[in-house]
Amino acid sequence: MSSTVQALTDGWVVAQRNLIKIKRVPEVLVFVLVSPIMFVLLFAFVFGGAIDPGGSVNYKEWLIAGIFAQTVVFGATFTGAGLAEDMQKGIIDRFRSLPMSPSAVLVGRTTSDVVYNVLSLVIMALTGLLVGWRIREGFVDAILGFALLLVFAYAISWVMAWVGLLVPSVEVINNASFIVIMPLTFVSNAFVPTESFSGVLRTIVEWNPVSTLTQASRELFGNTGGMPPPEAWPMQNAELYTLIWVVVILVVFGPLSVRQYRLTTSK
């Protein structure tokens with residue numbers, strides 16, 4: 001068996017082990033699903049009346065793509081927290097004694113978190129439909145929109161995997177990820193239009209991959225309304241720019257995570 005096939009096979013076994021936690025600790029799934037519902041309702045009804053995205057689009061409809069982007073990015077932190085927890089409990093040491101690929105733990109962890117994000121997207125989509133969100137484009141475009149969200153979240157999971165292997169505890173990874181991901185999602189067009197920013201901050205927003213992920217999702221779902229076309233290249237080519245970030249993140253943090261895992265388990 002080639003090393004790649006072994007890594008994928010062993011990784012799927014580890015992913016199944018992680019998914020069993022949903023059955024044994026259902027409280028984890030409850031919090032995963034309640035959080036996106038809370039964000040949809042909070043921004044739709046509390047802030048919706050004060051924010052005008054422009055054009056002819058309704059804010060509730062325009063908002064959902066931003067909620068999607070924020071939730072899948074935050075959902076990627078489960079990878080780092082899960083690895084940090086396994087390190088604390090000594091489970092990684094048990095894996096070391098098994099004839100398995102060194103990257104299987106990382107492949108399994110990131111793969112299982114895709115399932116969490118799928119469940120979150122389903123719940124958010126249903127909640128969005130209840131508050132007025134609609135998909136204005138075709139079925140294929142909508143599927144591509146959801147797929148782009150999941151692919152980007154998968155790439156961020158590898159960043160969190162690397163961080164999770166560096167920090168000593170779950171508490172640290174939660175705080176570290178919050179410090180990084182919170183500005184990344186809020187300094188974007190997820191909740192307010194790009195035109196509301198100015199100067200250097202607007203440039204940062206336009207080149208922020210979360211902004212292009214949100215923009216691409218809105219375009220694929222048909223939620224841009226009559227808003228003026230974006231001026232910056234990343235926003236004009238939102239899908240391409242987002243996929244470039246996905247490739248770069250995977251190429252950089254995939255090997256880094258595997259290397260850090262080997263260094264950590266060799267101590």
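Helix α8 has a kink of about 25°, centred on F178. The model is predicted. Its protein chain holds 12 helices and zero strands. Of the chain's 267 residues, 49% count as buried.

**Confidence**

- The mean pLDDT of the protein chain is 82.
- Of the chain's residues, 90% reach a pLDDT of 70 or more.
- Helix α10, residues 209-221, has the highest mean pLDDT among the elements, at 94.
- Helix α5, residues 91-96, has the lowest, at 72.

**Overall layout**

- From the N terminus on, the elements run α-α-α-α-α-α-α-α-α-α-α-α.
- Helix α3 covers residues 59-75, helix α7 covers 139-166 and helix α8 covers 170-186.
- Helix α12 spans residues 238-265.

**Helix α8**

- How far apart should the ends of α8 be? At 1.5 Å a residue, its 17 residues should span 24 Å. The end C-alpha atoms are 24 Å apart, which agrees with that expectation.
- The C-alpha atoms of F178 and F74 are separated by 8.4 Å. Along the chain, these two residues are 104 residues apart.
- Buried residues in α8 are V170, I173, S177, I181 and T185.
- An α-helix has 3.6 residues a turn, so residues three or four places apart point the same way.

**Helix α12**

- The 28 residues of α12 should span 40 Å at 1.5 Å a residue. Its end C-alpha atoms lie 39 Å apart, in agreement with that figure.
- Where does α12 bend? The bend is at F253 and amounts to about 25°. A proline, P255, follows within four residues.
- L256 also lies in α12. Its relative accessibility is 31%, so L256 counts as partly exposed.
- L256 and A161 are 95 residues apart along the chain. Their C-alpha atoms are separated by 9.5 Å.

**Helix α3 and V72**

- V72 is found in helix α3.
- Is V72 buried or exposed? V72 is buried, because its relative accessible area is 0% and the cut-off for buried is under 20%.
- The C-alpha atoms of V72 and A153 are separated by 5.5 Å. The two residues are 81 residues apart along the chain.

**The second largest pocket**

- About 300 Å³ of space lies in this pocket.
- Three helices, α7, α8 and α12, each give two or more residues to the lining of the second largest pocket.
- How many residues line the second largest pocket? The lining has 15 residues. Nearest the centre lie I156, V159, V180, L184 and I249.
- The lining divides into 14 nonpolar residues, one polar residue and no charged residues.

**Points to find in the structure**

- Go on to F253, where α12 bends by about 25°.
- Then look at the second largest pocket, whose lining takes two or more residues from both of these helices and from α7.
- End at V72 in helix α3, which is buried.

Terms used: Residues numbered from 1 in each chain as written. Predicted model: local features only at pLDDT ≥ 70, side-chain atom pairs only at ≥ 80, totals over all residues. Heavy atoms only, no water. Expected span 1.5 Å × (residues − 1). Bend = angle between axes of the 7 residues up to and from the residue. pLDDT = per-residue confidence, 0-100. 1 Å grid on protein atoms, 1.4 Å probe; cavity = no way out; pocket = protein on both sides within 12 Å on 5 of 7 lines; lining within 4 Å. Points joined across faces, edges and corners; volume = space filled by probe spheres on them. Nonpolar A, V, L, I, M, F, W, Y, C, P; charged D, E, K, R; others polar. Buried < 20%, exposed > 50% of the residue type's maximum accessible area, 1.4 Å probe, protein only.
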